[in-house]
Amino acid sequence: MATEVDALVVGAGFAGLYLLHRLRGLGFRTVVVDAADDVGGTWYWNRYPGARCDIESMEYSFSFDEDLQQAWHWNERYAAQPEILAYARHVADRFDLRRDIRFGTRVLGAEWDDTVDRWNVRTDAGDYAAQFLVMATGTLSAVNTPDFPGLDSYTGATYHTARWPEAGVDFTGKRVAVIGTGSSAIQAIPVIAEQAAELFVFQRTPTYSVPAHNGPLDPQVEAAVKADYAGQRARDRQTVGGFGSRIGWGEASALSVTDEEREAEYERRWQIGGFAFLGAFSDTIIDPRANEYAAEFVRRKIRSIVDDPATAELLCPSQPIGCKRMCLDTGYYAAYNRPTVHLVDVSGDPIERITPAGLVTGGTEYAVDAIVLATGFDAMTGAVLRVDITGRDGVTMHDAWAAGPVNYLGLAVPGFPNLFVITGPGSPSVLTNMIVSIEQHVEWISDLLVAMRAQAQHTVEPTAAAADAWVEHVNLIASFTLYPSCNSWYLGANVPGKPRVFMPCPGLPDYIARCDEVAAHDYEGFVLS
Ligand code: N01
């Protein structure tokens, strides 16, 4: 017998938590399911050494409750994974959310039933009949493990950064391989390097990283922000990525200033640390010449930090900065100055196979006690497509998205009534402070549900024309930027066979304005019935 609910939410990360709080408060019977044993989503799973948010803690937190944001104290400028998980747990307890969350429950499939306007949702712990189905499954949650031949034959220990053992791992005295040099690897490598006897980093593409300059949260910053928290949140929402209003985003072109002024601004922001660096000038991610100035500044920094010139050159990226997601680090480049840390270039000679003893590339076998896969995610679409979803007329999400994700406002898919995706493809999502985007989506969706209830409408679904126009719109905006110009997970390029489509929608303020406009015009582009 299926459990009847108004809304079934998949995922108990920040999106699921806020949805539950909000929908329950509005009188919708809501249940959240999550495969994990606790809340936290990405911060539940990503426990690798050094895991830390790269948005400042005063900004990477909920704004919906003034008492919450005033009461919570962050210890560091950038919060580490345990502190963010503690925050998620605090939110769950503070708003009494756990009683409507079913942990250890994996959704297997969902079928839309046109006869009763309900989603039949199958889980490994019972079924649900839900009027609304919300995929709060996260954008970076479906783990990507490359299909290395021989991986099963390996006799040492294997870890994926996004499935790290809760008890932690002690690498003291071990020979360790890390595959990948994205955000996860860049945080883990300096910490693993402190323990391991030898560390081999297998790099396919170097990435740009800027120092986080993390440290204890400055009490003066905390007091200043809390004195006008609502104001700061509102100002952040007006920035391109939903954060950084305190430091500010440069409005001048990098081409409009002298060499000395440009250098001074990069240096100033390098010293501040973090994504502020990308905001030095207005055209860093738009104009190739402006971008190259910033890229070359970082390359010079790499060469000045890394002692061995050959290693430094290998660490210098050639793609535009910001095209792949930039990283923040604490001692990443300096880790290569340890005699025990070795960079192995696999850009020309891929990892051929895994043997019982280690990895083979370029005809050399690297024997190691442990392999760390820092190989990322099937981003943005992976978590949705790993659930077997069937909409109207037996059309599956796999069919609907065969050539890339199709949706309207990144929120809803034609042919899949009453289904919403939080921070999915087609929305600013991963280009922003995720909590800002999550709050905007949750509030927009819950306002829609309230409007439907007031008008006695049972179903909502975008038109195919609205979705097609939206996909075209997102592609057009992306084409004005440098984002599509390199292989990145934004494009699905990291997963063999995945359609190459730039998935997120750049520009948060315009996106929010468009969502508000759609709502103000009786949800134009949607059919309510
Ligand atoms: O994953 P990634 P991630 N052979 O996809 C390499 C967020 N995040 O987990 O670049 C060899 O970035 C791959 O190489 P290439 C953040 O949004 C945030 O690090 O494809 N190498 C790449 O180097 C981030 O962007 C935080 O050539 C292979 C690496 O593995 C996103 O999550 C922290 C390979 C994967 O890097 C993903 O980050 C962590 C192969 N077959 C993550 N396959 C913070 O808030 C893949 N690679 C700080």
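Author: The second largest cavity has a volume of about 80 Å³. A cavity is a set of points, on a 1 Å grid over the protein atoms alone, where a 1.4 Å probe fits but cannot get out; the volume is the space filled by probe spheres set on those points, which are joined across faces, edges and corners. The model is predicted, with pLDDT of at least 70 needed for local features and 80 or more for side-chain atom pairs, while totals for chains, interfaces and linings use all residues. Residues are numbered from 1 along each chain as its sequence is written, and side-chain values use heavy atoms, without hydrogens or water.

Around the second largest cavity, the lining (residues with an atom within 4 Å of a point) is made up of Pro-405, Asn-407, Pro-425, Gly-426, Trp-470, Val-471, Val-474, Asn-475, Val-501, Phe-502 and Met-503. This lining has 8 nonpolar residues, 3 polar ones and no charged ones. Here Ala, Val, Leu, Ile, Met, Phe, Trp, Tyr, Cys and Pro are nonpolar, Asp, Glu, Lys and Arg are charged, and the others, including Gly, are polar.

The largest cavity has a volume of about 130 Å³, and 15 residues line it. Glu-56, Phe-243, Gly-244, Ile-247 and Ala-276 are the lining residues nearest the centre of the largest cavity. Its lining divides into 7 nonpolar, 4 polar and 4 charged residues. In total, the structure has 5 cavities of 30 Å³ or more.

Definitions and conventions:
On a 1 Å grid over the protein atoms alone, a cavity is a set of points where a 1.4 Å probe fits but cannot get out, and a pocket is an open set with protein on both sides within 12 Å along at least five of seven lines; lining residues have an atom within 4 Å of a point.
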